[in-house]
Amino acid sequence: MIKTENLTKEYNGSKAVDGLNLEIAEGEIFGFLGPNGAGKSTTILMLVGMIEPTEGRCTINGIDVMRNPFEVKRIIGYLPENAGFYGHKTATQNLDYFARFYGMNTEERNKRIQELLELVHLEDVKQKAGEYSKGMLQRLGFAQALLNDPKVLFLDEPTANLDPEGVIEFRNWIKRLSEEGKTIFLSSHILAEVSRTCKTIGIITKGKMVAKGNLDEIRAKLGQDKTINIIIETAGAIPEFHHHDIMRAEYDGNKAQICAKSDIRDEISDYLFKSGIRIRGMRVETPSLEDIYLEGVNVKDEWTA
Ligand code: ADP
């Protein structure tokens, strides 16, 4: 449904998006995860036809976004990071303004706008958009993105301005829209957001995709070279242990946490035994997805998607 080939965007000679190859199937909820400045918004802007790629191409439902931007716009909805509206218009007037672009007649527009305002709980709000809170603007943005009942929905950091209740409700909307068969592309820098909502995840850093797959696949991919955390507790103070596979170590009296490239528990045991220090406990921690994400963000070599 969404496909990019070598999608690249350069700003002043530096690549904001660098050779992105992506394929997202119909009905998928895809989480586009990466730290701020990774290239998420730039990718979305190219996918929705608002900026031109420097190189490469993207298609939505087989339609080339650059060649047929209007055809693409008919089947997509887009919620930007900070949705902008006419401050002097009400929610209804703002939505009506956008609905006219889709060529809906008055009756269709009124019906759709009423439905959507009810969905986002703005149906009884009389204020003009200029007086809205950020959360209300986000809700209105969500309604706007759904005006044309799109097949594909692009959501850029959609929960950034919502309160906790709003976030939960938003997740339910996404679930429902996905059950209706919509393809959803959700970008976020928050791991928990993406891992709760999305079935497949792509991690982007510095314009490049470093991993893609479902949560387990990402764990396996980024975890294969993963360092292991060894937690040790001893009867006496632990003397510092040196080994070429140790990446980091923290010593705190009779406790230590050693992060190593390989499982060096045997070597640690030998060393402590020779030093005459009794081991009370030694365990290995499996990396949380948070660790993996942070590690992925720091991965130097490119992982292919
Ligand atoms: P994200 O959405 O992941 O936070 P962006 O796509 O906004 O990241 O930005 C990616 C990189 O491109 C950043 O280094 C940003 O400064 C740069 N960038 C984005 N838009 C522009 C622009 N219009 N002109 C110049 N640089 C830009």
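Analyst: Helices are DSSP runs of H or I with at least four residues, strands are runs of E with at least two, and both are numbered from the N terminus. In this predicted model, α1 is followed by G49, whose phi is positive, near 75°. Local features need pLDDT of at least 70 and side-chain atom pairs count only at pLDDT 80 or more, whereas totals for chains, interfaces and linings use all residues. Residues are numbered from 1 along each chain as its sequence is written, and side-chain values use heavy atoms, with hydrogens and water left out.

User: How many helices and strands does the protein chain have?

Analyst: The protein chain has ten helices and 14 strands. Its radius of gyration is 24 Å, well over the 19 Å that the globule rule gives for 305 residues, so the chain is more spread out than a compact globule. That radius is taken over C-alpha atoms, and the rule is 2.2 Å times the number of residues to the power 0.38. Along the principal axes, the C-alpha atoms fill a box of roughly 85 × 45 × 35 Å.

User: Is helix α1 largely enclosed or open, and why?

Analyst: The term needed is buried, which means under 20% relative accessible area; exposed means over 50%, and partly exposed lies in between (1.4 Å probe, protein chains only). Six of the eight residues of α1 are buried, so this helix is largely enclosed by the rest of the structure. The buried residues are K40, T42, T43, I44, M46 and L47. Of the 305 residues of the protein chain, 47% count as buried.

User: Which residues are around the ligand?

Analyst: A residue is near a molecule if one of its heavy atoms lies within 4 Å of it. Here the residues around the ligand are Y11, A16, P35, N36, G37, A38, G39, K40, S41 and T42. Helix α1 (residues 40-47) supplies the largest share of this shell, three residues. By class, the shell divides into four nonpolar, five polar and one charged. In this scheme Ala, Val, Leu, Ile, Met, Phe, Trp, Tyr, Cys and Pro count as nonpolar, Asp, Glu, Lys and Arg as charged, and the others, Gly among them, as polar.

User: Where do polar backbone atoms lie relative to oxygen atoms of the ligand?

Analyst: An oxygen atom of the ligand is 2.7 Å from a polar backbone atom of G37. For G39 the corresponding distance is 3.0 Å, and for S41 it is 2.7 Å. The protein covers 56% of the 560 Å² of accessible area that the ligand has on its own, as computed by the Shrake-Rupley method with a 1.4 Å probe.

User: Which residues is C58 in contact with, leaving aside its neighbours within four places in sequence?

Analyst: Contact means heavy atoms within 4.5 Å. With those neighbours left aside, C58 is in contact with K3, T4, L7, M46, L47, I63, D64 and V65. C58 lies in strand β4 (residues 55-60) and is buried, with a relative accessible area of 2%.

User: Is N94 buried or exposed?

Analyst: N94, found in helix α3 (residues 91-99), counts as buried at 0% relative accessibility. Leaving aside neighbours within four places in sequence, N94 is in contact with F85, Y86, K89 and A129. Q144 in helix α5 (residues 134-146) is buried as well, with a relative accessible area of 17%. Not counting residues up to four places away in sequence, Q144 touches F85, L95 and F98.

How values were computed. Polar contact = N/O pair within 3.5 Å; in protein donor to acceptor, adjacent residues only side chain to side chain.
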